[in-house]
Amino acid sequence: MTYVRSFDDEARREDASDWIVRLQAADLGEADALAFDAWLMADARNPAAYDAALAVWLEYGRTATEVREDLTAPRRAVPTRRRFYLTAGAMAAAAAAVVVVLPGQHRAPAAGDYATARGEHRTVSLADGSTIDLNAGTRLTVTLERDARRVVLQEGQAVFDVTADARRPFVIAAGDRTVQVVGTQFDVRRRDGQLAVTVARGAVEVRPTDGAGKAYRLRPGQRLEHREGATDVSITAAEPQDVLGWRSGRLVYRDRPLSEVVADLNQQFPTPIRIEDASLARTPISGVLVLDDQDAVIGRLALLVPISAVRSDAGIVLRREGAPKR
C-alpha cells in the first residue's frame, strides 16, 4: 500500500513538471488550457503538486550554475524517487544555458517608470524580450532583477506580452492583487479601484498581494474582475481580441456599465465627460466605439444608449434623453 501511494505521488509530480513545460509553449491554445484545468480538478492533490513542482523549477533556475556542474559530473546511479527532481533541474538548467548565450538576458538589475498622457498610447520593449502596450492615462514601474521581473501598475491599462523565462517569473502588482505569469499575453486594467485581468494566451495566476486568500488561475478567454478592498472576485468568459481592441483605436463593450465607458473615454480625450445620475451610470452598454473625434464618439455612444450630451465650460455632461435640465 505504501509503494502504491509513493508511485502515485511520483507520477503526479511528473505530470506537474510536464504541465510547467507545456504552459510555456508559444503555441499554447485554449484546448491545452482546458486540459490543464481538467487535470487540476481531477484530484485535490494536483494543485499542490503543481505548486511544489513550480517551486522546484524556480529554485533550480536560481541555482543553475550548480545544477549544470552536477549534470556534467561523472554519471552515477540515481534513485527512482529523485528522477523527477533531476528532470526538472535539467529542464531549468537547459533554459538557463540558453539564456546565457543570448545577449542582454543577464543584464544588471534595471528599473524604469513609464507613463502615458491622455490620448497617448505607447509600446515599451523590455530587455528580456517582453513588450508592454500602455493605454492612455497609464502609469507603471518596471524592475528587472536576476530572479524576477516585477511591474507595479499604479493606474491605467496595459497589454503584457511576456517572454517565457522559468528562472524569472513576471509579477505584476495592481492594488491588492498580484498577477504572476511565466510566458503569456494578457490585459490588465486598473481604474478607480476596479481591477480586470483578461487572458489572451497562456495562463496567469491572480492572488491577493498579502498572500492570504484564494489564488485564481485564468486561461485564455477568461476575465477576472475585482474591486480593491473586497474579498470576492468574479470570473467570466471574455473575447480577448475585444478587450485588446484599444490598441487599434476601437473600444469594444459587451454589457459593460456606462460609467466604465466614460472612464475609458476620459483617458482618450481632453474634454472631461461626466454622467448626470448614478442610475444612468449603471446602464449596460454593448457595441463598438471607434476612437477618432470626441464629438463623433459621443454621437455613436448615443446610438447605444438614449442620452443627450450637454457642453459647458466644465466639460460634457451626459443625461438621459428627455430628462429635465437641472
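Buried means under 20% relative accessible area, exposed over 50%, and partly exposed in between (1.4 Å probe, protein chains only). This is a predicted model: local features need pLDDT of at least 70, side-chain atom pairs count only at pLDDT 80 or more, and totals for chains, interfaces and linings use all residues. Residues are numbered from 1 along each chain as its sequence is written, and side-chain values use heavy atoms, without hydrogens and water.

**Exercise 1.** Classify both partners of the Asp165 and Arg168 salt bridge: buried or exposed?

Solution. 
- Step 1: the pair meets at 3.4 Å, N to O. A salt bridge is a side-chain nitrogen of Lys or Arg within 4 Å of a carboxyl oxygen of Asp or Glu.
- Step 2: Asp165 has a relative accessible area of 8%, so Asp165 is buried.
- Step 3: Arg168 has 6%, so Arg168 is buried.

**Exercise 2.** Work out which parts the salt bridge of Arg247 and Asp133 ties together.

Solution. 
- Step 1: the closest N and O atoms are 2.9 Å apart.
- Step 2: Arg247 lies in the loop between α6 (240-243) and β14 (250-257), and Asp133 in strand β3 (residues 131-134), so the pair ties together parts 114 residues apart in sequence. Helices (H or I, at least four residues) and strands (E, at least two) are DSSP runs, numbered from the N terminus.
- Step 3: Arg247 is partly exposed at 37% relative accessibility. Asp133 is buried at 14%.
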